Amino acid sequence: MKFAQLVEIIFLYSFETDVGWFDFPELALWTAGLSQTRVLALDPALPELEQEERLRAFLLKGKRHPVVLVGLDPLWRGRATINLLLEKFRLNPGLLALVDLYEALQYPHAKYVLIKAQELIYLAATRVAQAHPTEFQDFPMNSRVLVWGDSWAACQAALELAQQDHEVILAAPGSALPETPPPDLMPLLNQVQAQALIQPLWEASIMDLAGGAGNFTVQIKTGAGLREERVGAVILAPEFRLTANFAGYGLSPQPRLLSQTQLESLLLSEPETDHPPLGVAAFLLGLAGDTCPQSLRRALGAASRLLSRNRQVHLFLGQAQVAAPGLEEALENALAAGLFLYKLQETPEIVPEKDGIKLGFRDPILLRPLEIRADVVVVEENYYGAPENQFLSLLTQIGPAPSRFLQGENVHHLAGVTNRRGIFVVGPGHGVLELPESLTEAKATALEVSKLLDRGHRRGPKAEATVDRGRCVLCLTCYRLCPHGAITWDNRALIRDLDCQGCGLCASECPNNAIHFSSYSDEQMFAELENLDPRLHPRIIAFMCRNSAWIAYQAALKLEQGVLPLGFTAFKLPCAGKIDLDFILKAFTMGAAGVLVLACHPENCRSHRGNLHAHWRTEQAQALLVEAGLHPGRVLFQTLAANSPSDLLKEIDQWCTQLREIEEAVTKKVPA
Amino acid sequence: MKPLENPVLVLGGGIAGITATLELTRLGHTVILAEKGPFLGGRAAHFTCKATDTCQKCGACLVEQCLLDLFAAPRLKIETQSQLIACRRENGRFRCTLKGQPLLVDPKRCINCSLCASECPAAEAGAVMTTSQVPHHPRYAILPEHCLHFLEGSCRVCADLCPTGAIDLNQRERELDLTVAAVVLATGYQPADPRELSHYGYGYVPGVITGVELENLLRHGFEQLFPGGGRQLSRVAFIQCVGSRNHRHPYCSRVCCAYTLRLARLIKHRRPDCQVTTFYMDLQNVGQTPGKFLAAVQEEITTIRALPGIVAGTAGGTVKVRYVEESTGQALFEEFDLVVLAVGMGAGQDNRTLGSMLRLELTPERFFQPADAEERATTGQPGVFLAGAALGPLSIPESIAQATAAAWRVHRYLEGTCRRAPDPEQIREQVGAGH
């Protein structure tokens with residue numbers, strides 16, 4: 001057994017590590033006995049300068065060798081050491097592996113603890129010895145930004161960025177910004193109009209969008225013709241569209257039926273045009289289809305104006321959507337001002353009459369039928385994304401989401417961030433948000449854009465995933481699959497470094513194995529699987545997504561409940577979608593009793609559908625096991641959240657019981 | 001440690017405080033993060049994952065990664081068990097005094113062996129606190145307000161037992177004087193006290209718990225709800241709007257419908273034979289397609305539009321709930337094994353003190369008042385900013401977005417007033433991903 005290159009192993013050794021049944025010196029001696037290693041014991045409590053000196057004396061000059069840092073909770077205890085290695089000694093993070101001895105300490109016997117610790121160190125050393133770490137590079141970033149849409153969120157985002165010296169193109173299909181905004185938005189409008197760095201483009205439409213973060217090329221068509229703009233980031237905040245929900249209430253348009261917008265413009269026009277007369281108004285809200293706090297706020301606003309003019313107002317309300325600041329109070333105030341409120345489960349019966357509209361319903365308090373005659377009936381409106389969203393979604397590979405919005409819900413995509421680096425969806429672009437929320441998001445997005453483009457360059461990994469141009473047959477599987485839109489092509493597939501978020505989906509799905517993923521390479525995984533310690537039994541291999549299960553696993557190790565099987569070994573994947581059929585089969589070849597694949601819950605994947613791909617691949621593996629005459633239950637796919645370590649332990653425990661049953665069934669069949 | 005240049009003081013180590021801190025350090029600023037309790041992560045850290053067949057988008061899982069990032073962040077000083085006791089403006093900066101208790105358990109020495117927690121004679125009073133948040137180290141903290149050594153000087157059990165000598169009980173509270181360029185208030189919220197509504201029987205009817213308690217319980221594994229050997233849990237009721245939408249709290253807490261419906265679905269998903277009922281006033285929108293979500297909910301659980309009048313224990317150990325059926329007006333009784341009160345979000349306890357110290361206005365509900373409706377991160381005081389649920393009820397994703405916007409506001413403010421620290425080392429961000 002020999003590592004591919006010399007590995008420097010640093011033990012974080014202080015007297016705490018000697019406590020209990022752990023024989024640290026023996027482990028260190030064993031490590032020193034391995035070929036191709038150098039070993040240093042370092043007290044993590046030493047002052048930083050002292051540590052630096054000792055590291056300098058220990059680490060070989062010249063070529064940087066991979067380093068394995070072994071300790072109890074090294075991320076915490078060895079934080080200073082890690083920082084020294086990465087910053088002072090310029091060690092590539094890909095060449096540093098941490099071994100947390102807690103993983104070994106859970107076993108109740110000194111012998112097992114030692115064997116387990118040996119395996120952990122051996123595997124970590126194998127992995128880093130095989131590493132071809134990614135280098136970092138400064139990428140030039142264009143600091144111009146395209147803000148699409150004429151919503152207030154778009155204006156806010158444009159203003160924030162322009163004030164930070166970004167040149168901003170504010171483009172929208174409309175012909176201009178509204179001239180008379182609500183009074184508290186007047187300062188925003190004035191500032192946007194006065195800002196020299198904001199270049200407005202009206203009556204525009206996006207025809208094409210190419211390139212990636214820091215360097216997009218956008219084709220925009222305006223009245224003056226087609227123009228090509230180069231920008232570093234794109235913010236999409238198209239205003240939503242409103243349509244009166246007449247159909248939802250089974251109504252056909254007629255003069256006495258008003259949409260909320262129609263009523264609002266009627267109320268604004270001075271002198272008030274009473275046609276049709278607004279003597280008695282009835283509002284329908286939340287009784288058919290989706291409703292939202294905005295609708296209630298608008299209805300209450302109009303109702304209180306009518307009430308202040310001594311009109312009679314009836315509000316027929318399904319679910320009162322008061323989940324927004326001040327709405328409960330507004331509802332109470334309207335009631336105090338004389339609003340008649342009926343909370344119903346069903347839509348009232350609406351009958352048009354000669355001089356009004358009759359609404360018949362069962363009163364929920366009197367518990368008997370009632371009828372009300374209204375002069376006008378005001379119907380709420382539904383909120384949809386802008387019509388151009390469908391095309392934008394195709395162009396950007398973001399969404400689509402229900403109600404024509406751009407981006408679906410994913411808790412990893414907050415503050416305007418999307419699956420595409422450099423493209424942000426804000427406010428009305430992704431849902432029915434109230435104005436303060438939209439503006440808040442616009443500011444949060446300004447921060448994200450600033451982090452991305454600031455200083456005109458960005459440091460990032462260079463060629464983390466690369467295409468072997470000799471093997472690529474341009475089948476475009478990777479292009480279709482990439483959740484981050486990072487892949488394009490010339491006469492072979494090309495991966496844009498800045499857009500790649502390192503999920504590795506492409507590498508494991510490429511039918512011709514043409515994509516090499518440097519930080520989690522197949523060679524590393526195979527080498528580790530080949531070097532598993534045969535003394536540990538039963539051998540169970542778990543592949544875990546680093547965003548969920550891996551975090552839960554780290555937590556589970558430190559819970560005082562249950563012990564994992566001695567042969568349990570966890571491998572971290574950048575996304576569960578990186579799981580390769582070959583990994584699973586290799587694990588079985590190396591004597592695994594079972595293979596566990598742990599992914600994020602559906603719709604929680606950072607890489608959109610990485611968990612789904614992992615699921616499909618485990619199903620494929622199960623089918624292969626059946627063909628080989630093995631029980632398909634030996635491969636298990638599970639989804640898990642980062643904050644459920646107890647669930648992880650329970651799942652493993654249950655599954656191990658199943659595995660034992662499978663093994664017993666096999667041994668019964670084959671007499672010894 | 002080098003003196004910090006133009007640092008920002010972030011008060012509150014919950015998800016909003018952590019987000020603001022992380023974003024500020026990423027923009028190159030120096031941050032001092034002060035947290036009242038011994039651990040970071042705030043209330044969201046105790047919430048459970050509510051995924052059924054799919055993720056329910058509650059955001060509780062985001063805390064773990066945030067903590068990992070936080071502990072790897074550069075230019076950051078964390079002060080746990082610290083509170084702001086004085087603050088005054090001086091040359092455009094703030095002279096702040098933090099009163100803090102140094103950690104009694106030395107993180108460099110502690111090996112998380114749990115001896116101190118298991119042998120503490122005042123463990124029941126809560127003298128040794130443990131966190132299940134694994135990014136923390138040590139995961140044990142001794143709270144002087146409950147520790148016998150601090151109360152009467154009698155006990156040194158933990159210090160004597162600690163195998164690594166990590167516990168030093170002689171450390172006394174100290175005051176820390178800071179000069180900071182800006183202050184971010186991310187002090188969060190206080191769950192409503194269900195004892196205010198005494199007819200719900202909280203505190204004296206066994207089997208009545210709060211939504212927060214249920215979250216905490218499930219955080220430690222779903223099985224916690226079904227203790228072995230105990231009575232089978234087959235009927236669970238949720239009661240909405242406890243401590244919100246009433247005369248004392250005339251506002252909607254916004255998140256309770258979402259969390260109870262998600263919890264209800266989680267229970268139903270894991271235990272399909274369990275009957276789940278929700279008593280509500282109005283069901284607030286959940287998610288991007290609220291209609292679809294509600295339809296799915298109503299297929300799985302019973303929703304009753306009524307708030308119960310009486311919740312009482314029975315001789316059999318169950319909980320009896322009396323309510324008025326909406327369509328007939330009849331009073332009905334129904335029995336449940338567990339009643340969960342969906343407590344709302346109230347203002348933080350320290351808001352008055354902090355408000356008067358920093359001269360901030362409070363809303364009638366005692367949340368902090370933002371400068372205006374559109375500008376939710378700034379306050380009437382330049383240099384003092386708001387993040388997260390200190391503003392009012394917000395969900396986890398909303399808190400994160402709001403805290404990011406607040407960090408941006410702080411950044412813009414500091415750029416206007418002070419010089420920026422040198423560029424952040426981006427490689428540092430990679431450390432958290434180390435194996």
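# Reading a two-chain model

Me: Where do I start with the strands, and which way do β5 (residues 93-100) and β8 of chain B pair?

Reply: Seven bridges link strand β5(B) and β8(B), and the two pair in the antiparallel sense. Keep in mind that this is a predicted model. The general idea: strands of a sheet pair through backbone hydrogen bonds, either parallel or antiparallel. For one pair of residues, look at Arg95(B): its bridge partner in β8(B) is Thr179(B).

Me: In what order do the strands of that open sheet in chain B stand?

Reply: The order is β4-β5-β8 (chain B), three strands with antiparallel pairing. At the edges are β4 (82-90) and β8 (174-180) of chain B. Each has a single partner strand, so one side of each is left without a neighbour in the sheet. On average, neighbouring strands here are turned by 20 degrees against each other, direction ignored.

Me: Which strands of chain A form an open sheet of three?

Reply: They are β18, β19 and β20 of chain A, in the order β18-β19-β20, and the pairing is antiparallel. The edge strands are β18 (349-353) and β20 (369-374) of chain A, each pairing on one side only. From one strand to the next, the twist averages 20 degrees.

Me: How many bridges join β18(A) to β19(A)?

Reply: Five bridges join β18(A) to strand β19 (residues 356-362) of chain A, and the two strands run antiparallel. To see one, find Ile350(A), whose bridge partner in β19(A) is Leu359(A).

Me: Now helices. How do I read a packing angle, and at what angle do α10 and α11 of chain A pack?

Reply: Compare the N-to-C directions of the two axes. Angles under 35 degrees count as roughly parallel, those over 145 as roughly antiparallel. Helix α10 (residues 293-308) of chain A packs against helix α11 (residues 327-336) of chain A at about 30 degrees, with the axes 10 Å apart. The two are therefore roughly parallel to each other. The crossing of α10(A) past α11(A) is left-handed.

Me: Which residues make that contact?

Reply: From α10(A) come Pro293(A), Leu296(A), Arg297(A), Leu300(A), Ala303(A), Ser304(A) and Leu307(A). From α11(A) come Leu327(A), Ala330(A), Leu331(A) and Ala334(A). By class, the contact of α10(A) with α11(A) has nine nonpolar residues, one polar and one charged.

Me: At what angle do α6 and α16 of chain A cross?

Reply: Helix α6 (residues 110-129) and helix α16 (residues 522-530) of chain A cross at roughly 155 degrees, and their axes come within 9 Å. That makes α6(A) roughly antiparallel to α16(A). Here α6(A) passes α16(A) in a right-handed crossing. Leu123(A), Thr126(A) and Arg127(A) of α6(A) meet Gln524(A), Ala527(A) and Glu528(A) of α16(A). This contact has two nonpolar, two polar and two charged residues.

Me: How many helices and strands does chain B have?

Reply: Chain B has 10 helices and 20 strands. Its radius of gyration is 23 Å, close to the 22 Å that the globule rule gives for 435 residues, so chain B is as compact as a globular protein of that length. Along the principal axes, its C-alpha atoms fill a box of roughly 70 × 55 × 45 Å.

Me: How many residues does each chain give to the contact between them?

Reply: The size of an interface is often given as the accessible area lost when the parts come together. Here we count residues: 69 from chain B and 69 from chain A. On the side of chain B, the elements giving two or more residues are α1 (15-26), α2 (62-71), α8 (290-300) and α10 (396-417). α10(B) gives the most, with 10 residues. By class, this side of chain B has 27 nonpolar, 24 polar and 18 charged residues.

Notes
Residues are numbered from 1 along each chain as its sequence is written. Chains are lettered from A and ligands numbered from 1 in the order in which they are written. This is a predicted model: local features need pLDDT of at least 70, side-chain atom pairs count only at pLDDT 80 or more; totals for chains, interfaces and linings use all residues. Two residues are in contact if their C-beta atoms, placed from the backbone, lie within 7 Å. Helices (H or I, at least four residues) and strands (E, at least two) are DSSP runs, numbered from the N terminus. Ala, Val, Leu, Ile, Met, Phe, Trp, Tyr, Cys and Pro count as nonpolar, Asp, Glu, Lys and Arg as charged, and the others, Gly among them, as polar. Axes are lines fitted to C-alpha atoms, for helices over the stretch in contact, and angles run from 0 to 180 degrees between N-to-C directions. Angles under 35 degrees count as roughly parallel, over 145 as roughly antiparallel, 65 to 115 as roughly perpendicular and the rest as oblique. A crossing is left-handed if the near helix is turned anticlockwise from the far one by less than a right angle, and right-handed if clockwise. Two strands pair if DSSP finds at least two bridges between them. The radius of gyration is taken over C-alpha atoms; the globule rule is 2.2 Å times the number of residues to the power 0.38.
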